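Morning. Please have the model open.

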Amino acid sequence: MVFHPNVEKLRFDQESFDVVRNNIETEIKSFKENTESYSIMRMFENMDSKAPFSYRMIGYYEDFEKITPENLYTYYKDFIRNNIIDIYVIGDFDNNQMESLIEKNFKFYNLHTQINPYLEVPKIRRREQKIIETEELSQSKLAIGCRYEPLEEFDLKYTLTLYNLILGVSTNSKLFTVVREKNSLAYYIYSRLSKLDHILLIASGIEAGDFEKTVHLIKEQMEAMKKGNFSEGDMQKAITLFTSSLEQLEDNQYEILENYVSMQLLGIDTIEIRKEKIKEVTKEDLIKITKKIKIDTIYLLKGETKHEKN
Amino acid sequence: MKKIDLKNLDVAIYYKKLKNGLDVFFIPYENKNNYFLSFLTKYGSSVDDFVPAGKKEFLHIPQGVAHFLEHKMFENEDGSNPFDFFSQSGTGANANTWFTRTQYICYGNNGIEENLEYLLEYVSSPYFTDENVKKEQGIIEQEIRMYDDQPDFKIDDLLRLGIFQKEPTRNDIAGTVEEINKITKEILYECYYTFYRPSNMALFVSGKMDMEKLEAIVDAYDHKYKIKKAKIKTKDYEEPDQVYQKQQRIKMNVVVPKVGYAIKINNTKFSCTPEFLDYYLNLFLTIKFGFTSEFREEAKKEKLMTSLYTEVFTIADHTTLSFYADSEHPDRLVEKIKKELIKDDITEKDIKRIQKVWISSEVQMTDNIEVTLNNCIQDYLRYGQIITDRIDKIKMLNKKDLEEIRSKIDFNNDSLAIIEPKEGTK
């Protein structure tokens, strides 16, 4: 399939091309339907419209229109020939047999070279920007993009991870506790790291009228972290969550593979090392990096409610 | 405990009924590190009228109570919260409400005994106050609004409104903002003490475990919660066999229309068991509309749809064959589905082909502790027992019985729901 796709006269089979084309067209057109991911994308686009993170992975209609069975095949040939290809296999099999099977069936054009997947660290906006766009929606979507100044390797790998865990990953995180449990402002709120882009994202679904209040509470939590207002217990729980999710991954073949892929691609440490290193993060480390994290863009996809009667 | 072997599969289930009536199922795995716990009550959103424990009169409750109750069980009198407890051992915790059950789950690889003990304890200790009820209304309102904006979710809601006339199943599990604002702590307590009795509940544990230790924990729970069994009286909604509305169309922020289409069937009119009825209906949908079906290939080539999802859904005496699709030509797609449903072209060869894939997926599923646990729960809720010989039964499926079942279905008893783009939506 990989080396002998359904191709005739240097073009992909028209019929199967059309089916896929139709699917992708629908996907591009309905991008806005998922208001959560749409709002996050709009936030990225406002943060830096030229950065790779603001490129929509599903693509753009203008480019999509230009794709033909011919130029797609030309691209595919180039893609297969000039990209790094890694093959991972997991399960119950004979190593030698698998190796010779792969050697026999995959003709490699390219020898392994290491690429650097991390983006250049961007300039951080001096003052945060606030963007509000309006749609006819029942719920408003909040997306906050934070950036951080260059961090040392250990801090990037571990301190930042721990910071994110305490701030907004689990149901006992700072953001969940304050925004949802104490103030009933949201059903979901979370923070997420996108280390390749040097971004920390915070997202939630709220009432339009609660926008200022929610942002205020989020900032308050980030300030509290800066001042060291978190306990040893908070750190301990975050570490346990981190280690136990690494251990749980071992029951799932697919996740084991994924883990190797990220180790290879991103140069992250092995599970064993990660479990040890995360414990070395100190409260001082955490406070030190909080000062380097800054809000860049606050985006609200504001819902205007005009409810249709069903 | 009683050992139940799953035939043709390397899985055994251990069962016991406690004195207080709780059904307990352990599904141990030697080769796994993780575990999965589910503590459930056979109570969900499909009950809006019942006789509360110790009373004689029926009580009508607002929509969304079961789901509201699920949220509120995370409140403890001493101010602590279950998420905090579970996080000490890196354990994930959650809960969810379905039409016919509410379940409290936790999963991880540490501290199974402490977590089981805690799970049983916190779900057995309701603590509702005016204040904490009010607090939850804000959170659930945002949950409802979140789903309001999701067309894939809305199409399902809309379709159920067309299929069902009286059953509360027609309503959204979470209720509406208006309805949940009517919920009070008194209503929650009435529901809790009626439906959260051990005799209306079950515990499922799968994964790595020391069964003896777990058994001691459930025995202690049995001793502590000696709650009398009671027959629960819920209203028979006398749901008509006819669909409620043939067609509904609404407009939303979609670019490509969403289609929901369903056939409503009275499932008590078949000579086979409910289990075989489910197998045959699933077999039928897979052959006709599955990933390897001609229908799917044709419809995609004709650009009638980009995605299609089918489902056999059963609630009480009614079963639906449901279709969900994204389609630029909803009416033409539905015409095509209708034709396909009555086209008489299934062969023994088709059945053999699907059986093979089905059996291998049954085997594969047992490698996942969560999937296996969920399958057992489904069996328990739908058939009142764990099915131990599913593979043998799949092998028995044949054309003659399939045709007989199909001949009894009125394919004109259908309901169509379409979400169309608003003017100017791009």
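How much space lies in the largest cavity? About 160 Å³. This is a predicted model, where local features need pLDDT of at least 70, side-chain atom pairs count only at pLDDT 80 or more, and totals for chains, interfaces and linings use all residues. Residues are numbered from 1 along each chain as its sequence is written, chains are lettered from A and ligands numbered from 1 in the order written, and side-chain values use heavy atoms, with hydrogens and water left out.

A cavity here is a set of points, on a 1 Å grid over the protein atoms alone, where a 1.4 Å probe fits but cannot get out; lining residues have an atom within 4 Å of a point. Points are joined across faces, edges and corners, and the volume is the space filled by probe spheres set on them. By this rule there are three cavities of 30 Å³ or more.

Back to the largest cavity. Its lining has 16 residues, and those nearest the centre are B:Leu6, B:Leu9, B:Glu362, B:Asn375 and B:Arg390. In chain B, α12 (348–365), α13 (369–383) and α14 (390–396) are the elements that give two or more residues to this lining. The largest share, four residues, is from α13(B). Helices are DSSP runs of H or I with at least four residues, strands are runs of E with at least two, and both are numbered from the N terminus.

Domain 1 (2–224) and domain 2 (247–421) of chain B each give at least three residues to the lining of the largest cavity; the bounds come from an automatic or database domain assignment. By class, that lining has seven nonpolar, four polar and five charged residues. Nonpolar is Ala, Val, Leu, Ile, Met, Phe, Trp, Tyr, Cys and Pro, charged is Asp, Glu, Lys and Arg, and polar is the others, Gly among them.

The second largest cavity has a volume of about 40 Å³. Residues lining it include B:Ser45, B:Asp48, B:Gln63 and B:Pro168. Two of its lining residues are nonpolar, four polar and two charged.

Now chain A. It has twelve helices and seven strands, and its C-alpha atoms fill a box of roughly 65 × 55 × 40 Å along the principal axes. Of its 310 residues, 42% count as buried, meaning under 20% relative accessible area with a 1.4 Å probe and protein chains only.

Which residues of α7 (residues 174–182) of chain A are buried? A:Lys174, A:Leu175, A:Phe176, A:Val178, A:Val179 and A:Arg180. After α7(A) comes A:Ser184, with a positive phi near 50°.

Key: 1 Å grid on protein atoms, 1.4 Å probe; cavity = no way out; pocket = protein on both sides within 12 Å on 5 of 7 lines; lining within 4 Å. Buried < 20%, exposed > 50% of the residue type's maximum accessible area, 1.4 Å probe, protein only.
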